Amino acid sequence: MESFHINSLVTFRFLNLDKLQAITLTHEIKGSSYQLNLKGDRYIGEVILDEQLSCLDDLNIFYVRQQIAIEDCEILVRVESYDISGAISAPSYVNKLLKHIDCKLSFAYTVLTPQ
């Protein structure tokens with residue numbers, strides 16, 4: 001059962017970048033960003049995905065050129081909802097991306113409180 005109060009955001013994440021790779025990511029993939037990881041020694045790069053997967057070629061090129069380990073990649077589906085329980089399907093473009101970069105798929109679910 002899918003709720004009408006669900007918002008989702010899908011991102012591709014590089015989990016273990018050095019500083020040069022993080023900077024290169026933002027230059028090569030439009031709309032990408034990075035932040036220091038919790039340990040403060042590496043960077044997490046993030047690319048917001050859209051239904052057209054307009055960044056697919058750029059993601060593949062960056063992944064191959066930078067020799068990123070598959071274990072250091074993930075597709076993260078973030079879900080926000082006012083409902084405590086419910087179901088949501090990952091968008092179909094996630095399956096398409098997994099055919100190109102077969103990395104782990106992670107989910108984050110946040111229950112929002114009405115204000």
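The buried residues of helix H1 are covered by a set of elements that includes strand S1 (6-17), strand S2 (33-36), strand S3 (43-48) and helix H2 (56-65). In this predicted model, H1 spans residues 19-28, and the residues buried in it are Gln21, Ala22, Thr24 and Leu25. These four residues lie on the same side of H1, because they cover an arc of only 165° around the axis. The other side of the helix tells the opposite story: there, Leu20 and His27 are exposed. Leu20 also takes part in a detail at the start of H1, where its backbone nitrogen has a side-chain oxygen of Asp18 within 3.2 Å.

Three helices and five strands make up the secondary structure of the protein chain, and from the N terminus on they follow the order β-α-β-β-α-β-α-β. The C-alpha trace spans about 40 × 30 × 25 Å along its principal axes. Of the 115 residues in the chain, 37% count as buried. How do contacts relate to distance along the sequence? Among contacts between residues at least 6 apart in sequence, 78% join residues at least 24 apart.

Leaving aside residues up to four places away in sequence, Arg78 touches Asn7, Ser8, Leu9, Thr11, Arg13, Glu46 and Ala108. Between Arg78 and Asn7 there are 71 residues of separation in sequence, but their C-alpha atoms are 8.2 Å apart in space. With Glu46, another residue in the list of those touched by Arg78, the link is a polar contact between the two side chains, at 2.7 Å.

Finally, the surface and the charges can be described for the whole chain. The chain carries 10 positive and 15 negative side chains. Where do the centres of these two sets lie relative to each other? They are 4 Å apart.

Methods:
Residues numbered from 1 in each chain as written. Predicted model: local features only at pLDDT ≥ 70, side-chain atom pairs only at ≥ 80, totals over all residues. Heavy atoms only, no water. Helix = DSSP H or I, 4+ residues; strand = E, 2+ residues; numbered from the N terminus. Buried < 20%, exposed > 50% of the residue type's maximum accessible area, 1.4 Å probe, protein only. Contact = heavy atoms within 4.5 Å. Lys, Arg positive; Asp, Glu negative; His and termini not counted. Charge placed at Lys NZ, Arg CZ, Asp CG, Glu CD. Arc of directions from axis to C-beta. Polar contact = N/O pair within 3.5 Å; in protein donor to acceptor, adjacent residues only side chain to side chain.
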